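Please open the structure in a viewer and keep the selection tool at hand. The stops below proceed one selection at a time.

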Amino acid sequence: MNNDEMKKITNHRDFRDDEFWREIPAWKDVSREQFADHKWQSKNSIIKLKHVKEVLGSRVSEATIADIEAALKIAPMNIRITPYVFALIDWDDPANDPLRRQFLPFASQMLPNHPFYMEDSLHEDVDSPVSMLTHRYPDKVLFLPLTTCPVYCAYCTRSRIIGGSTSSIEKDTYGANPKLWDAAFEYLRNHPEIEDVVISGGDSYNLQASQIRHIGEALLDIPNIRRIRYATKGIAIFPMKILTDDNWVQAIVDVQKLGREKGKAVVIHTHFSSPREITEWSRQAMDRLFSEGVIVRNQAVLQSDVNNDVDIMTMLTRKLGYINIQPYYVYMHDMVPNCERFRTTLEEGVELEKAVRGTTAGFNTPRFVCDVPGGGGKRNIASYEYYDRETGISVWRAPEVKPGELFLYFDPIHKLAAYAQKRWAIEKERRVMVRDALSRVEPDLGSIKKETLRERFGLNI
Ligand code: SF4
């Protein structure tokens, strides 16, 4: 093997360790110690457009600022970006930067919503027996104890509730209110079939150390609960907190140790989508968690011009594995508002999965899944019942989750051939295409639960 070949298979071991933040005019004199401080990161997070201008000065053009300003008038998410991520963006080419795309929308890149998009595409609210809890799978629940995050992703699947009202959408953002959590704990106590709790939101990074302990201890105290996962994008976008917020890390470590004493698993699920998010800071943060015995798994989202490329997805997978984060899932993008620019076709996902599988050990290879709209849950990407690549319609079943029901996922229209795009522009044609796809799976359309298709997609089949 020559040096170039060797480099190709080992360059996932390279971690950026330069003082990249000094490229941002306002932070050129910020020392490594300051940048490493989680309090400095929080205090200097970019939460308004005027901050973008203030910190970048002449490095950002008026046209770029105008593009962001126009986007924020229609975007469902507010801005919040840590200095760590903001400084990793290539401000010489922001339009094509995968990190900028994830956190700072440009109006010029936005596309109309798909006709069958949904505010709550995963039916988390519909499948919610008590406030803050979604109970879909027999033995697992999703617990949403807060609605804030250390960053706000432009593509958030819970944009209907996360991160406060925007110019275009009023939200019932409830922050973290521990008094309201007891009803969720009570539900879990009264449902002995539930063993698994995902603590998400919002983002567990924004829970105080005392709240991490309170939730962890309360859940571990419930006899039927065997597994809990704290979900946070934090390690990807704010690794300094792991390195310098000792109280928070100790709370996670203590809950994890308590879990082990009780024979129960306590892990972190994080959310890296681009290898560009992984630096020496991430590696050191993971070294700390790993040395404390904390298991971390990753859930990425497949996104156009962020990671829908074999080399990039392979690099993401291998870099994560190298720093002891298990690449667990890559999700097809949910069909939520204002996200068409991010979505890929199902075919792209299937092809990527094929290409990535075999590049590293199986346990470090992510499962590519589609969380099918309407609450069917996560399905293996190739387990559709039918997929028409021309119309972009796929049909799914979820026998253990919602027996007897059919679910639909739709490729983004702008990625279809021109004649298919024309068909999608005509409402009657949409119904014909959907009817055809459903009949390939269920020839007797009379047996399909039409009310659910009407509720989900407004479809009269
Ligand atoms: S961190 Fe998660 S919950 Fe928060 S904005 Fe991003 S995707 Fe949404």
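**A pair of crossing helices**

Begin with helices α14 and α15, whose crossing is right-handed. This model is predicted. To display the pair, select residues 310–322 for α14 and residues 346–356 for α15; their axes come within 10 Å and cross at roughly 55 degrees.

Next, show the side chains at the contact. From α14, select V310, M313, T314 and T317; from α15, select L352, A355 and V356. Of the residues in this contact between α14 and α15, five are nonpolar, two are polar and none is charged.

**The sheet**

Now turn to the strands. In what order do the nine strands of the open sheet lie? The order is β1-β2-β3-β4-β5-β6-β7-β8-β9, with mixed pairing. Select 133–135 for β1 and 377–380 for β9 to see the edge strands, each of which pairs on one side only. From one strand to the next, the twist averages 30 degrees.

Within the sheet, select residues 296–301, strand β6, together with residues 325–331, strand β7: the two pair in the parallel sense over six bridges. Here N298 has P327 of β7 opposite.

**A helix on the sheet**

Finally, select residues 209–220, helix α9, which packs on the sheet.

Conventions. Residues numbered from 1 in each chain as written. Predicted model: local features only at pLDDT ≥ 70, side-chain atom pairs only at ≥ 80, totals over all residues. Heavy atoms only, no water. Axes fitted to C-alpha atoms, helices over the stretch in contact; angles between N-to-C directions. Helix = DSSP H or I, 4+ residues; strand = E, 2+ residues; numbered from the N terminus. Left-handed = near helix turned anticlockwise from the far one by under 90°. Contact = heavy atoms within 4.5 Å. Nonpolar A, V, L, I, M, F, W, Y, C, P; charged D, E, K, R; others polar. Pairing = 2+ DSSP bridges.
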